[in-house]
Amino acid sequence: MTAISVRGLRKAYGPLEAVRGVDFDIEEGEVFGLLGPNGAGKTTTVEILEGYRRRDAGDVSVLGHDPERPGRDFRERIGVVLQQAQLWPTLTVRETHAVFAGYYKKPRDVDEVVELVGLADKRDARVKTLSGGQKRRLDLGVALVGDPDLVFLDEPTTGFDPAARRAAWEMIRSLRALGKTVLLTTHYLDEAEQLADRVAVLREGQIVRIGTPRELTTGDNEVEVRYHRNGEEVVVRTAEPTRFLHELTSEALARGEELERLEVRRPTLEDVYLALVDEADE
Amino acid sequence: MKLYLHQVKTEQLVYWRSREAAVFTFIFPLLLFVLLGSVYSGHIYGVPASQALLAALLGYGCAMVAFAGLAITLVLRREQAILKRLRATPLPPVTYVAALLSSTLVVFALETVALFLLGRAVFGTPFPARVGSVALLVVLGSLCFAAMGVGLSGLIRSGEGSSAVVNLIVLPMAFLTGAFGPTHHYPRFLRAVGDVLPLKYLVDLSNAVYLHKHSFWSQGTAIGVLLAWGAAGVVVAFFKFRWEPREA
């Protein structure tokens with residue numbers, strides 16, 4: 001079953017075209033990553049799907065609903081973590097979860113969710129006393145307490161230290177284990193690579209590449225060959241690595257030389273990503 | 001209905017838990033009543049000064065709780081994206097607004113009870129003769145001032161500026177309209193300004209109902225002007241109220 005279907009989505013703010021014709025589908029139970037630099041249109045896309053913004057053009061279906069007419073049933077089934085939202089600073093962690101649980105017909109057990117997001121030892125702490133990472137976990141807990149089928153996570157780890165990021169990643173992985181569909185935006189490549197089943201790279205409001213993290217890197221056969229000659233590093237990119245290496249090594253053997261520090265490397269997702277988002281500047 | 005009651009409970013919890021807001025809007029009018037009551041003596045409008053001050057500060061309490069408090073709360077919640085976050089839940093906006101207004105009404109009703117109890121205990125002021133009329137005043141006052149508070153929140157851009165802007169409106173308004181004591185010795189010009197402000201009519205209504213024991217329904221002018229101001233608040237709210245932070 002398809003959880004989200006997007007066709008020809010467009011949105012402009014005045015003269016600025018934030019989203020310029022985006023298509024993708026997200027299957028139920030899939031963790032889908034929207035990856036791109038700041039200003040690529042990630043948040044605009046997600047906020048259209050969440051029902052916050054109207055689109056200028058295109059067809060959008062989220063859990064069978066048009067998010068421009070978000071009914072009660074739609075709201076019951078989605079969970080939202082916004083990029084920068086605060087909650088009431090003077091309520092406790094448990095109270096905050098209980099407030100949100102009260103909005104849903106079939107909420108999850110409050111204490112169970114507090115536990116799930118790793119705030120059990122903070123359950124009676126006021127929200128204002130939490131660290132940045134703990135506040136984000138509270139956001140996530142509040143998004144999960146209604147037991148949604150689909151969870152939107154807009155840059156869930158921006159501003160985290162490495163330990164907090166790993167903890168957040170574990171939690172997002174646990175969402176997959178619960179069978180939730182997750183739409184995640186991030187500008188961290190390793191985050192998309194670690195968490196997403198499929199990734200769409202967004203640049204200037206358009207999808208420039210879409211696929212599994214593995215497909216993105218193996219889309220072409222180009223490899224990078226590095227070695228040292230006379231103390232200087234030589235870097236060659238080639239789409240025909242077999243032939244190139246054969247010629248290079250034959251030549252070296254013929255001359256009785258050893259190729260110093262020979263290295264053959266596939267491009268990482270980072271190389272692919274940077275190449276994709278850099279094209280704009282060239 | 002269940003959602004509505006849940007949200008009224010939530011609003012009450014949030015209000016009383018945030019001490020600063022509760023002190024500022026709830027305690028301040030009570031404190032002012034005690035202070036002013038201690039310095040004014042003799043009679044005002046032919047009644048003991050403490051009674052006249054009680055009636056006046058009832059108006060001020062409404063302006064603080066329903067207008068100032070609500071406007072500041074809404075601006076902060078908007079800028080902190082709490083309102084935006086709530087929009088993604090199944091809580092309908094209409095239910096949210098209804099619960100917010102009801103919660104404001106509850107706070108102002110408690111404020112009214114506290115004023116009468118305090119007046120009785122400290123100055124020996126009598127309880128109101130017309131309890132029903134006072135109750136109607138509480139409902140009308142909190143609804144009209146809350147409507148203006150929601151409207152005002154739509155006009156304030158930043159969270160930091162909200163309490164300054166609100167005080168800049170509420171304090172002079174209270175001074176000019178008799179909410180801090182009688183204005184008959186003010187220059188004509190200042191009284192003319194006060195005459196167009198909504199708080200003047202709430203104080204008038206309070207004087208009529210509490211001091212002169214008139215029926216609420218006999219005060220057509222005051223009710224009409226308050227309703228007109230409340231309607232203006234609704235109109236401004238309709239066009240200016242935002243659920244999402246104003247991004248610079």
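Two residues are in contact here if their C-beta atoms, placed from the backbone, lie within 7 Å.

Some housekeeping. This is a predicted model, where local features need pLDDT of at least 70 and side-chain atom pairs count only at pLDDT 80 or more, while totals for chains, interfaces and linings use all residues. Residues are numbered from 1 along each chain as its sequence is written, and chains are lettered from A and ligands numbered from 1 in the order in which they are written.

**Around A:Val62**

A:Val62 is found in strand 4 (residues 57-62) of chain A; helices (H or I, at least four residues) and strands (E, at least two) are DSSP runs, numbered from the N terminus. A residue is buried if 20 or more other C-beta atoms lie within 10 Å of its own, exposed if 12 or fewer, and partly exposed in between, with C-beta atoms placed from the backbone. A:Val62 counts as buried because it has 25 C-beta neighbours inside 10 Å. The C-alpha atoms of A:Val62 and A:Leu150 are 9.0 Å apart, although 88 residues separate the two along the chain.

Helix 1 (residues 42-50) is mostly covered, with 9 of its 9 residues buried. Just after helix 1 of chain A comes A:Gly51, with a positive phi of about 95°.

**Chain A as a whole**

Chain A has 10 helices and 12 strands, and 38% of its 282 residues count as buried. Its C-alpha atoms fill a box of roughly 80 × 45 × 35 Å along the principal axes. Of the contacts in chain A between residues at least 6 apart in sequence, 66% join residues at least 24 apart. The domain assignment (bounds come from an automatic or database source) gives domain 1 (2-217) and domain 2 (223-266). Taken over C-alpha atoms, the centres of these two domains of chain A are 45 Å apart.

**The six-stranded sheet**

Chain A holds an open sheet of 6 strands in the order 5-6-7-3-8-9, with mixed pairing. Strand 5 and strand 9 (206-211) of chain A stand at the edges with a single partner strand each, so one side of each is left without a neighbour in the sheet. The twist averages 15° from one strand to the next. For that angle and those below, axes are lines fitted to C-alpha atoms, for helices over the stretch in contact, and angles run from 0 to 180 degrees between N-to-C directions.

Helix 5 (residues 132-144) of chain A lies across strand 5 and strand 6 (150-154), running at about 165° to strand 5 of chain A. Helix 6 (residues 162-177) of chain A packs on the sheet too, touching strand 3, strand 6 and strand 7 at about 155° to the direction of strand 7 of chain A.

| Strands of chain A | Sense | Bridges |
|---|---|---|
| Strand 3 (31-35) and strand 7 (181-186) | parallel | 5 bridges |
| Strand 10 (223-229) and strand 11 (232-238) | antiparallel | 7 bridges |
| Strand 10 and strand 12 (260-265) | antiparallel | 4 bridges |

For a few individual bridges: A:Leu34 partners A:Thr185 in strand 7 of chain A, A:Arg229 partners A:Glu232 in strand 11, and A:His228 partners A:Glu260 in strand 12. The hairpin of strand 10 and strand 11 of chain A has 2 residues between the strands, and A:Asn230 takes a positive phi near 50° there.

**Where chain A meets chain B**

The contact takes 20 residues from chain A and 16 residues from chain B. On the chain A side, the elements giving two or more residues are helix 2 (72-77), strand 5 (78-81) and helix 3 (93-101). That side divides into 11 nonpolar, 4 polar and 5 charged residues (Ala, Val, Leu, Ile, Met, Phe, Trp, Tyr, Cys and Pro count as nonpolar, Asp, Glu, Lys and Arg as charged, and the others, Gly among them, as polar).

In helix 3 of chain A the buried residues include A:Val93, A:His97 and A:Phe100. The buried residues of helix 3 of chain A pack against helix 4 (110-116) and helix 5 of chain A, together with helix 1 (2-17) of chain B.

Key:
Two strands pair if DSSP finds at least two bridges between them.
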